[in-house]
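Subject: Structure handover

Hello,

Here is the structure I promised to pass on. Please open it alongside this email; my notes follow below.

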Amino acid sequence: MTSTAMTSTAISPLERIHRFADELRARGMPVSMVERLDGMRAARVAELDRADGLRTALRATLVKSADHLAVFEEVFDLYFDPAGARRVPQAGSPDGRPRLDLEHAVRSVLRDGSEELARQAAEQAVEEYVRFEPGRPVAGVFYERSALAGLRLDELVAQRLAEAAAAIAGSGGPAGSGGLDDPGQHLRFAVQRTQTTARAEFLRGEVRKAIRDLLVADRGAEAVARTLRQPLTADIDISRASREQLAEVLRVMIPIQRKLATTVMRKRRSRTDLIDVRATLRASMSTGGVPVKVVHRKPRPTKPHLYVLADMSGSVATFAAFTVTLVSAMSQLFSRLRTFAFIQNATDVTDVFRQVSGPENAIAAMRGHVTAGELGGYTDYGRALRQFHATVGQELEHRSTVLIFGDARGNYLPAEEATLAKIARRAGSVYWLNPEPRALWDTGDSVMRAYEPHCTAAVTCQTLNDLRGFIEQLG
């Protein structure tokens with residue numbers, strides 16, 4: 001063990017909590033001084049004889065949002081031993097323990113879900129497949145890939161799912177049918193797929209933990225924490241997110257989607273200043289027919305008509321996936337939802353959201369439209385706006401809300417802002433969500449400044465926090 005790691009283990013428990021809280025703040029979590037003191041008080045009375053006693057105490061006092069749980073867990077595993085006596089694997093150095101047949105072990109984990117076997121397989125995979133370099137300031141991503149490649153995890157997961165499908169098809173239908181035609185078979189396979197995916201993810205997590213144990217033993221928790229720092233999910237730039245980051249963004253945005261939908265619905269409530277003539281006359285009977293008390297109609301919440309126009313061009317490909325997920329989640333909350341996607345041509349893709357279930361399927365279907373060239377080859381906002389107005393212009397009325405997603409970069413083609421003005425005059429509101437910061441609006445081929453005056457609001461939507469701020473502005 002290096003001197004850095006020895007220094008890390010020699011610090012007092014309270015000092016360790018201080019450094020732990022400092023790292024949480026460095027990751028973007030809002031940990032105040034009062035909460036830090038609460039965490040220390042909780043640590044004094046925590047059930048430290050339980051493996052999760054300190055974890056539970058600090059989680060209860062320092063975490064205020066479910067969005068921050070993943071960061072908390074990662075940093076906690078770096079600064080505290082979660083299992084109490086976790087063995088540090090020695091990469092490439094067998095230690096005399098009985099060796100596992102790793103392929104058989106992985107198959108057993110995917111089939112039965114043994115967590116202890118998963119831990120042993122992960123540690124042995126690190127020992128056998130990771131060429132650890134002491135002192136190297138890395139986050140361990142390359143090491144993780146090496147271990148997972150050695151385990152052939154993706155390949156074995158695919159084999160496990162194929163075996164499960166064959167077994168279900170063979171047991172649930174005529175001999176040799178080979179398909180999952182029965183709804184019950186589909187359900188059984190869905191359960192198997194969910195279980196297998198969860199077990200594979202647990203094994204990946206154990207590999208990750210084993211590698212981090214190596215790194216902490218070599219360089220200390222603080223040095224490793226610095227190499228692992230990533231922005232909080234709500235602060236990730238959606239347009240530049242990696243596949244893993246985007247998956248986390250889409251998971252975290254579920255409650256935000258619902259809030260956006262309910263906020264738009266609340267803004268479209270009917271007027272409350274209209275007089276209810278019948279109720280007023282009825283109330284006047286008690287005062288000799290004099291309408292002393294004027295009764296107003298009760299507000300009735302109405303589902304607005306929602307129209308979406310979304311840029312699907314390559315320049316906003318990741319943001320487009322975010323857009324599709326957002327629209328997919330809200331589609332059931334509106335009495336009329338029409339969605340148009342475009343690159344050059346505005347194409348009505350409403351049926352995509354009616355015929356597929358779940359955001360992942362919707363994203364795949366939209367990519368199919370892009371690949372087939374149905375949306376055109378180069379971005380043309382003016383043309384898309386004209387086609388959108390020609391199709392739905394007569395439908396728009398005061399209950400209509402138009403949401404436009406895109407960066408307003410139209411390859412120096414005519415912006416057709418007059419067409420957007422026509423849309424704005426007929427619709428109740430027009431909101432434009434742009435994945436670029438305001439400093440980039442109207443630079444290069446962007447014509448966002450030409451569109452902004454015709455929008456109820458035009459906002460930057462780079463992160464989930466930007467989307468939250470937009471929703472609060474609506475409220």
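**Aromatic pairs**

Tyr-143 is buried, at 2% relative accessibility. Buried here means under 20% relative accessible area, exposed means over 50%, and partly exposed is in between (1.4 Å probe, protein chains only).

A word on the source. This is a predicted model, in which local features need pLDDT of at least 70 and side-chain atom pairs count only at pLDDT 80 or more, while totals for chains, interfaces and linings use all residues. Residues are numbered from 1 along each chain as its sequence is written, and side-chain values use heavy atoms, with hydrogens and water left out.

Rings of Phe, Tyr and Trp (its six-membered ring) pair if their centres lie within 6.5 Å; planes under 30 degrees apart are stacked, over 60 edge-to-face, and the rest tilted. That rule gives 12 aromatic pairs. One of them is Phe-72 with Phe-76, which is stacked, at 5.9 Å centre to centre and 25° between the planes. Both residues sit in helix α5 (residues 69–79), 4 residues apart, about one turn of the helix. Helices (H or I, at least four residues) and strands (E, at least two) are DSSP runs, numbered from the N terminus. Phe-72 is buried, at 0% relative accessible area. Phe-76 is buried too, at 2%.

Tyr-143 pairs with Phe-132. This pair is tilted: 5.7 Å centre to centre, 55° between the planes. Phe-132 lies in the loop between α7 (115–129) and α8 (141–151), and Tyr-143 in helix α8, so the pair ties together parts 11 residues apart in sequence. Phe-132 is partly exposed, at 21% relative accessibility.

There is also a cluster. Phe-20, Phe-72, Phe-76, Tyr-79 and Phe-80 form one aromatic cluster.

**Strand β2**

Two strands pair if DSSP finds at least two bridges between them. β2 pairs with strand β1 (residues 305–311) in the parallel sense, over 7 bridges. Leu-309 has Phe-340 in β2 as its bridge partner. β2 runs antiparallel to strand β3 (residues 346–348), joined by 3 bridges. Ala-341 is bridged to Thr-347 in β3. β2 and β3 form a hairpin, with 3 residues between them.

**Positive phi**

Asn-411 is not a glycine, yet has a positive phi of about 60°. Asn-411 lies in the loop between β4 (400–405) and α19 (417–426). Asp-442, also not a glycine, has a positive phi of about 70°. Asp-442 lies in the loop between β5 (429–434) and α20 (448–451).

Best wishes
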